[in-house]
Amino acid sequence: MGGAERTDRAEPRERAPAHERPHPPRVRLDLPLVRRRAWLPEYDPEAFGRTSERIARFLGTGRFIVWMTVVIILWVVWNTSAPERLRWDSYPFIFLTLMLSLQASYAAPLILLAQNRQDDRDRVNLEQDRKQNERSIADTEYLTREIAALRMGLGEVATRDWIRSEFQDLVKELEQRRVFPEESEERDR
């Protein structure tokens, strides 16, 4: 080992051109995908979205405002009138401010998430309405064309009155040519 150099060391090499590099292995579509280890916790986005909508719906009610007002009043009354050793938040109410800030910092994104989900539903409904309107317009145009074709077809159909008038005109024409001999009045009776 003394005089021999190691040849298995990684030496800096030039990078091979793209057409000479080995291709990554093909992903087979007939096999399930191997799950990678996730560093973040997994959650169901639909369940999370439904929960955020429920919270946002509650935050937008009068009941929430009343409960929030009651909690704040009780907090302030307790921390101003309770004995000194039982108070947990003295006059400037820093802990109350922290709690309200924390509640607001969670409420705003939850409300935005609920609004985004509602926008998505509205977009889908709007697209469905647009497609339904297109189908209705196409159906109306088809029916209009069919009615117009029927009217044109009926214009060419011989009606009873038209046939009667044609026969009367034919009889008059034949009488003028004297094809039919004039009948006696006795025969008419």
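Modeller: Start at Ser 52, which lies in helix H1, residues 45-59. Helices here are DSSP runs of H or I with at least four residues, and strands are runs of E with at least two, numbered from the N terminus. The model is predicted, so local features need pLDDT of at least 70, side-chain atom pairs count only at pLDDT 80 or more, and totals for chains, interfaces and linings use all residues. Residues are numbered from 1 along each chain as its sequence is written, and side-chain values use heavy atoms, with hydrogens and water left out.

Ser 52 is buried, at 1% relative accessibility. Buried means under 20% relative accessible area, exposed means over 50%, and partly exposed lies in between, with a 1.4 Å probe and protein chains only. The Ser 52 side chain reaches the backbone oxygen of Gly 49 at 2.7 Å. Setting aside neighbours within four places in sequence, Ser 52 is in contact (heavy atoms within 4.5 Å) with Leu 110, Leu 113 and Ala 114.

Now the rings. The whole structure holds 6 aromatic pairs. In one of them, the centres of Phe 58 and Phe 64 are 5.6 Å apart and the planes are at 75°, so this pair is edge-to-face. Rings of Phe, Tyr and Trp (its six-membered ring) pair if their centres lie within 6.5 Å; planes under 30 degrees apart are stacked, over 60 edge-to-face, the rest tilted. Phe 58 is partly exposed at 36% relative accessibility. Phe 64 is buried at 16%. Elsewhere, ring pairs join Trp 75, Trp 78, Trp 88 and Phe 95 into a cluster.

Phe 93 sits in the loop between helix H2 (62-81) and helix H3 (94-155). Its phi is positive, about 55°, although Phe 93 is not a glycine. Phe 93 is buried, at 12% relative accessibility.

Last, the surface. Trp 78, Leu 86, Trp 88, Phe 95, Leu 98, Met 99, Leu 102 and Tyr 106 make a nonpolar patch of about 810 Å². Patches take residues with over 30% relative accessible area and no salt bridge; nonpolar side chains (Val, Leu, Ile, Met, Phe, Trp, Tyr) are joined within 5 Å, like charges within 9 Å. A salt bridge is a side-chain nitrogen of Lys or Arg within 4 Å of a carboxyl oxygen of Asp or Glu. H3 gives the largest share of the patch, 5 residues. Leu 102 is in helix H3, and is partly exposed at 41% relative accessibility.

How values were computed:
Polar contact = N/O pair within 3.5 Å; in protein donor to acceptor, adjacent residues only side chain to side chain. Areas by Shrake-Rupley, 256 points an atom, 1.4 Å probe, with all protein chains shown as cover.
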